[in-house]
Amino acid sequence: MFLYRAMKKVLFLTLLSAIWFSCETEIDFEDNRRIVVSGQLMNTSNTSLGGMNVEVYAQKGSRTFLSGPLENDVLIGLGRSDSNGEFNITAISPENADRIEVFININRGNLNQSVPPSELNRIDSDFTGIFLIAAENFPVLDDILDIGEVAINRVKSVTIELERISNLTDTLQYFIEPKPFIRDLSSSSDFPSGRTLFGSLNPDNFFVSRPAQSACGDTIVLGYRLMNQSDVEFEEQQIIIDEETNTFRFTF
Amino acid sequence: MRRPIHLDSLFSFFLLLLICAESFGQVEEDAVKNDQPDYYYDVLGSVKIGMLFPKPYGENALSEAYDTGNGIQLEAKVQVNHKLGVGLQYQVFKGQVTDQIVVGGVDASRIAHVFALFGINHLKLKSPWRLETDFGVGYLEFRNERGPIIEFKDTGLTLKLSASLSYRFNSWIGAYIQVQYNWGFLSIDTPDISEIRDVLNRTTLFAPSFGLRFYVL
C-alpha cells in the first residue's frame, strides 16, 4: 500500500515537472512595453535601400541550424525600410527570450504566423537577404535596439564558360558553388547554399556555358578535376563577382 | 476600407443634445402622467445591459490598426436622488489587428473599459423618460493575443462622456439608447519617439449602444 502511494506521488511529480518544463519553452511578453528595432539599409555602392521588408522575431531555445525563421520563433514586429533605407520597427517586448532575430528581405516561408499585409511578405529578389541575432550583438538602450547600417548586396546573374583548348581527351568533372543569398551577420558561418551545380565536359565536347547567380562582391567556387585522375581531389578556383564582368571563362 | 465617420459633426450633435436636454425637460414636464405613486418613480437604482458599437477615430493605433467588432455593456447605477446617480460600467469588445506595423506582433486584443460613473438626469421625476448625461473615469485594458497561447496586456486610464435616453415600460423594465465618447490614455513604455508613443498610447472612441434597463425599486 505504501509503495503504491509512493509510486503515485512520483508519477504526479513527474507529470508536474513535465508540464513545467514544457511551459518553459514559451516566450512571455512584458505588459505595457514596446521596443523599437531600428537601422538603415544600404547597398554595396553606399546608396540607401527603401522598400525592403524587415521582420523581428523572438526565439527561445537553441537554434540547431541556420535558416530563416523557425516554427517556434515568434514574430514580434515587422515593417519596411523607407526611402532613406531607414526602419523603425515597433515590436512587443519579450521577457524571457534567448535572442532577438532580425530578418531583412527574407521570405518567412510556411511559418504558422498570422498573415500580415501581402506586400510585407514579398522579398526583393534583386538583393540578398540578411539574418542577424540582434540582442546578442547590439545593446538595447532606452528601449531602442539599433543595429546600425547594414549593407545588402545586389544579386547578379553571370555566365561561367568552360573551354577545352588542349589536346587532353579526358572528361572534365566540375562543380559551380555560389555563396548563399542569405547571410548571417552574427557569425562567420554561412547558410548552406543549396544551389551548387555539377556537370562534366566529355572528350567530344569542347565548350560548356553555365548560368549562375551570386551577390556582387562574393565569390563563386569553381571546382574541377579530370576523370583519369579520379583519386585526385577537386581543385578549386575562386571567381570574384564584381559589378562590371558578366562572363568568366575557365580553360584547360 | 473603413468608411470615414464624420465624428466632428457627431460630436457637435452630441453637445447640442446636452444643451437641449434642460429645455426639453421643461417642455416634457407638462406631458408627465401623474397616475402613479411617488415610490414608483423614486427608484433605488437600475441595471443596464446592452450592445455596444465601438467606432475608433483619430490618429491612434486603435483607429489605424484594428478592425473592431461589436461589444457588450453592463452598468449598475444607484440613484442618490432622482437627479443624481453613481455607479459602475463595464464595456468590452474585440479588435482584430489589421496592421501589425503599427502595434507590433499582436494578432488581436480584447479591449475593456471599467468606469466609475457620475450621472445627471435632465428630466423630471414623474416621467417614464430619462435623459441622462454621464461622466466616467476608469481603467482601460487591452488584453493582447499573439498566437493561441501568448497573452499580455496594456493598461491605462480612460475617461468618458455619454448621453442616454431611456424609456420605462413598467415598474421594472425599460429600454435605452446611448451615445458616448471615450478618451483612453494607455501607459505603454515606448522609446522616446513621439509619433510611436502617441499613436500607441492614445485611444479615441465613439460608441453608440442600446439595450434594456432594469429598475430596482
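**A residue, then its surroundings**

Modeller: Asn32(A) is partly exposed, with 17 other C-beta atoms within 10 Å. By the rule used here, a residue is buried if 20 or more other C-beta atoms lie within 10 Å of its own, exposed if 12 or fewer, and partly exposed in between, with the C-beta atoms placed from the backbone.

Biologist: Before we go on, what kind of model is this?

Modeller: This is a predicted model, in which local features need a pLDDT of at least 70 and side-chain atom pairs count only at pLDDT 80 or more, while totals for chains, interfaces and linings use all residues. Residues are numbered from 1 along each chain as its sequence is written, and chains are lettered from A and ligands numbered from 1 in the order in which they are written. The model scores ipTM 0.78 and pTM 0.77.

Biologist: OK, back to Asn32(A): where does it sit, and what about its phi?

Modeller: Asn32(A) lies in strand 1 of chain A, and although it is not a glycine, it has a positive phi of about 55 degrees. For background, most residues other than glycine have a negative phi. Strands here are DSSP runs (E, at least two residues), as helices are (H or I, at least four), and both are numbered from the N terminus.

Biologist: And what does strand 1 of chain A pair with?

Modeller: Strand 1 of chain A runs antiparallel to strand 4 of chain A, and eight bridges join them; two strands count as paired if DSSP finds at least two bridges between them. Within strand 4 of chain A, Thr90(A) is the residue that stands opposite Val36(A).

Biologist: Is strand 4 of chain A mostly covered or mostly open?

Modeller: Mostly covered, since seven of the nine residues of strand 4 of chain A are buried. Across chain A as a whole, which has 252 residues, 30% count as buried.

Biologist: New topic: how many residues are in contact between the chains?

Modeller: On chain A, 25 residues are in contact with 25 residues of chain B, a contact being two residues whose C-beta atoms, placed from the backbone, lie within 7 Å. Strand 1 (29-43), strand 3 (74-80) and strand 4 (86-94) of chain A each supply at least two residues of the side of chain A that touches chain B, and strand 1 of chain A gives the most, with seven residues.

Biologist: How does chain B score?

Modeller: Chain B averages a pLDDT of 85, and 81% of its residues score at least 70, where pLDDT is the predictor's confidence in each residue, from 0 to 100. Over residues 21-32 of chain B, however, the pLDDT is below 50, and beyond near neighbours in sequence this stretch has 17 contacts in the model.

Biologist: And which strands pair up in chain B?

Modeller: Strand 6 (residues 129-146) and strand 7 (residues 150-168) of chain B pair in the antiparallel sense over 18 bridges. These two strands of chain B form a hairpin with three residues between them, and Gly147(B), in the turn, has a positive phi of about 70 degrees. Strand 7 of chain B is also joined by 13 bridges to strand 8 (residues 173-186) of chain B, and that pair runs antiparallel. A hairpin through four residues links strand 7 of chain B to strand 8 of chain B, and Arg168(B) has Gly174(B) as its bridge partner in strand 8 of chain B.
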